[in-house]
Amino acid sequence: MSDKEYAEQQLSKLLTRINQAAQTADRDPKDICLIGAAKQQSHSRIAAFVNAGLKDLGHNYLQEALLNQTHTAERDDLNWHFIGHIQSNKTTTIANHFSWVHSVDRFKIARRLSEQRESKTVLNILLQVDIDNEPSKGGVAIDQAVDLCGQISQLENLKLRGLMVLPKARSNAAEQSKPFAQTRELLEHCNQHHGLAMDTLSMGMSNDLEAAIKEGSTMIRVGTDLFGSRT
Ligand SMILES: *Cc1c(COP(=O)(O)O)cnc(C)c1O
């Protein structure tokens, strides 16, 4: 199978899964954005998926993202999402090479992104929440999320859009649903508490996207089940 056929087939499989999950949840599939989590994938493979119609790419590693941006420089219709751990000495580059950052978990990082964003358009921000109390994965503690939302929502050049979570693996859909439901409730609480209108939940990956869609996910980040195994 050519790279092109592979990409078209994988993308179509994933879109079918999204459509089915949306239908089961009585939701409009148009409200769910598929982000290709592209870490450790070759740029030829990523390019094949972009040519097959994938418009949103998520990266954990800045250098990989910048290389892939160079390789697709002729395309101005792609959305780049930063989804990995953020070091404070990388914020200038992140602020100016992405339209979404999913992994903000400290005020200091948000303030730097705000100060360093040069574009006149706002940078969309998601607060990563440590929903399973696993500090090694990053994310703000649940009991600090409301305050941090309030602080970040005041910053210029940023638009706080919602929450992102990376729950631990669970073996069945009922268990997978719990942290996602908790995240949705936290978003509603933050909105109510601060009078915000956050509209985005970035949750769900290869193994739990159906449960995430059922609980209201609007962005799923899929690596393995889209691109194939990582190099
Ligand atoms: C790798 C990664 C994903 C995708 O994981 P898969 O299980 O390969 O679908 C999603 N989000 C983040 C933050 C990741 O690092």
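How many nonpolar, polar and charged residues does the shell around the ligand have? In this predicted model, the shell divides by class into 5 nonpolar, 4 polar and 3 charged residues. The residues around the ligand are Ala-37, Lys-39, Asn-60, Ile-83, Leu-166 and Met-205, together with Ser-206, Arg-221, Val-222, Gly-223, Thr-224 and Arg-230.

Among the side chains, Thr-224 places an N or O atom 2.5 Å from an oxygen atom of the ligand, and a polar side-chain atom of Asn-60 lies 2.7 Å from a ligand oxygen atom. For Gly-223, a backbone N or O atom is found 2.8 Å from an oxygen atom of the ligand. On its own, the ligand has 390 Å² of accessible area, of which the protein covers 90%.

The site of the ligand was then considered in terms of pockets. The ligand sits in the largest pocket, whose volume is about 650 Å³. A total of 36 residues line the largest pocket, and by class this lining comprises 12 nonpolar, 15 polar and 9 charged residues. Nearest the centre of the largest pocket lie Lys-39, Asn-60, Ile-83, Leu-166 and Met-205.

Methods. Residues numbered from 1 in each chain as written. Predicted model: local features only at pLDDT ≥ 70, side-chain atom pairs only at ≥ 80, totals over all residues. Heavy atoms only, no water. Near = heavy atom within 4 Å. Polar contact = N/O pair within 3.5 Å; in protein donor to acceptor, adjacent residues only side chain to side chain. Areas by Shrake-Rupley, 256 points an atom, 1.4 Å probe, with all protein chains shown as cover. 1 Å grid on protein atoms, 1.4 Å probe; cavity = no way out; pocket = protein on both sides within 12 Å on 5 of 7 lines; lining within 4 Å. Sits in = over half its atoms within 2 Å of the grid points. Nonpolar A, V, L, I, M, F, W, Y, C, P; charged D, E, K, R; others polar. Points joined across faces, edges and corners; volume = space filled by probe spheres on them.
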